[in-house]
Amino acid sequence: MTMVNLAIINYEMGNLKSISSGLKKVGASVQITKDPNVIKSSDGIVIPGVGAFGDAMKNLASLKEIILSQIQEGKPFLGVCLGFQLIFEESTEFGLHKGLNIFGGRVIRLPETVVTPHMGWNQIFIKDYTNPLVEGIDDKSYVYFVHSYYPVPTAPEIIIATTQYGVEFASMVAKNHIFATQFHPEKSSTVGLKILKNFINFIKK
Amino acid sequence: MLAKRIIPCLDMTNGRVVKGVRFVNIRDAGDPPELAVLYEEQGADEIIFLDITASHEKRDILLDVVQRTSDQLFIPFTVGGGIRTVKDIQTILKAGADKVSINTTAVKTPEILTEASRMFGSQCIVCAIDAKRVYVDEKAPPKDRILVETPEGLCWWDVYIYGGRKSMGIDAIQWAQKVEELGAGEIMLTSMDYDGTKDGYDIPLTKEVVKRTNIPIIASGGAGTIQHIKDVFIQTDCSAALAASIFHFREIDIMELKKELQKENIPIRL
């Protein structure tokens, strides 16, 4: 595969330009889309996004089926920030909302002991060095976060890295061809671009 | 641990970077996206662009800068200056900025902070406050101001708008508390007394605002040496330190600065 073609899901939630600049920078070709045919013909699916969980699921409703079936068929997936939270079972943000339910677990609010949103550069503690997404990434690297909620995965084995902010939470999860990060790799400078590059390399293999 | 941020600020007009010393004597230091990328390479954690273009008709030049920056820059960046409406905010965020900073408009129409934070999230709404000391008679201090004893005397801080040209007679510390309530996610706090002096940050001001608010505070105005930045992080709980000319004219190298901060056990991204 010479050029990796990614479908960035356009569901009107936040800044899609940054993630597409980041993926282009590491050599992917991207299409910001809600067209099922484009999603089908892509080499990988990316769900970025900033905003409220409930609104996001509402906006994703018409694409939910195609995204889930593509992932089930083995298409590589990257979820970022809100796109990371959406792959879990449910969220408690502004009432209880059902997610894509790719992974078990609930998305809950950060403890009241810390200032929210959790905004800025914080460290990742790598739990699974064998995962392709963290290849070449140092333990305790700083990455850029903006969020007030975090998921508690039912299956701890999907946790690739954690971060501490009032609580120790899963900041990267992965299983087979499904990857997701709570932080913004597209805003995390060299470390973040390397993570995006790792995702592209995974698809190429 | 959440790292303290180092933020170079690029003042720009008509799409070019400038930096005023005490808001006059403007010098030219280049293309904004190009400088921003250079700063990312040097280890900056974030970039702030302040557009001081007088004419609102030239907004397309600003938007072009924002777009070009977001294509090349892989750290967060904020755009401020001349924002008047929620629509302005939306346009700038859509062009690729991560946050907007609002100053004069927030003072004149505070509800913009609430409306914008509801629409786009408080994390992308920075309220900029320009504050200047007003020294008072210790024997007859005003009652409705937050007074702080500084080495230079008892004072309160007055809010200025229009790029530091107009005094509002509003208590800056009370204003900081108010903007948090209204929905600002962050405060960029500039000392008018220290801005451009290279005498260090206004520590009493920064300390007092940090103490009385619960959102990140960016200390601004007065950085001249590495020691000044160390001081503001050691003596106050601010989240970030902003500087302009010392970075633009290479008086301080960001990497060197960060290594020095780390020696003091200040959490920093290296």
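Residues are numbered from 1 along each chain as its sequence is written, and chains are lettered from A in the order in which they are written. As the model is predicted, local features need pLDDT of at least 70 and side-chain atom pairs count only at pLDDT 80 or more, while totals for chains, interfaces and linings use all residues; side-chain values use heavy atoms, leaving out hydrogens and water.

**The interface**

Let's start with the overall numbers, gathered here.

| Item, chain A with chain B | Value |
|---|---|
| Residues in contact | 25 of chain A, 31 of chain B |
| Buried area | about 2100 Å² |
| Part of that area from carbon and sulfur atoms | 57% |
| Salt bridges | 2 salt bridges |
| Polar contacts | 13 residue pairs |

Contact here means heavy atoms within 4.5 Å. Buried area is the accessible area (1.4 Å probe) that two parts lose on being put together, summed over both. Met119(A), Trp121(A) and Lys187(A) supply 32% of what chain A buries against chain B, more than any other three residues.

A salt bridge puts a side-chain nitrogen of Lys or Arg within 4 Å of a carboxyl oxygen of Asp or Glu. Lys17(A) forms one with Asp71(B), and their closest N and O atoms are 2.9 Å apart. A polar contact is a pair of N or O atoms within 3.5 Å; within protein, one must be able to donate a hydrogen and the other to accept it, and residues adjacent in sequence count only if both atoms are side-chain atoms.

The elements giving two or more residues to this side of chain A are helix H1 (16–25), strand E8 (118–123), strand E10 (142–147) and helix H5 (189–204). Helices (H or I, at least four residues) and strands (E, at least two) are DSSP runs, numbered from the N terminus. E8(A) gives the largest share, 6 residues.

**Helix H1 of chain A**

H1(A) is largely enclosed by the rest of the structure, because 7 of its 10 residues are buried, that is, under 20% relative accessible area (1.4 Å probe, protein chains only). Among them are Leu16(A), Ile19(A) and Leu23(A). Their cover includes H5 of chain A and helix H2 (59–72) of chain B.

**Met119(A)**

Met119(A) sits in strand E8 of chain A and counts as buried, at 4% relative accessibility. Beyond its neighbours within four places in sequence, Met119(A) touches residues including Tyr144(A) and Phe145(A), as well as Leu2(B), Lys99(B) and Pro216(B).

Terms used:
Buried < 20%, exposed > 50% of the residue type's maximum accessible area, 1.4 Å probe, protein only.
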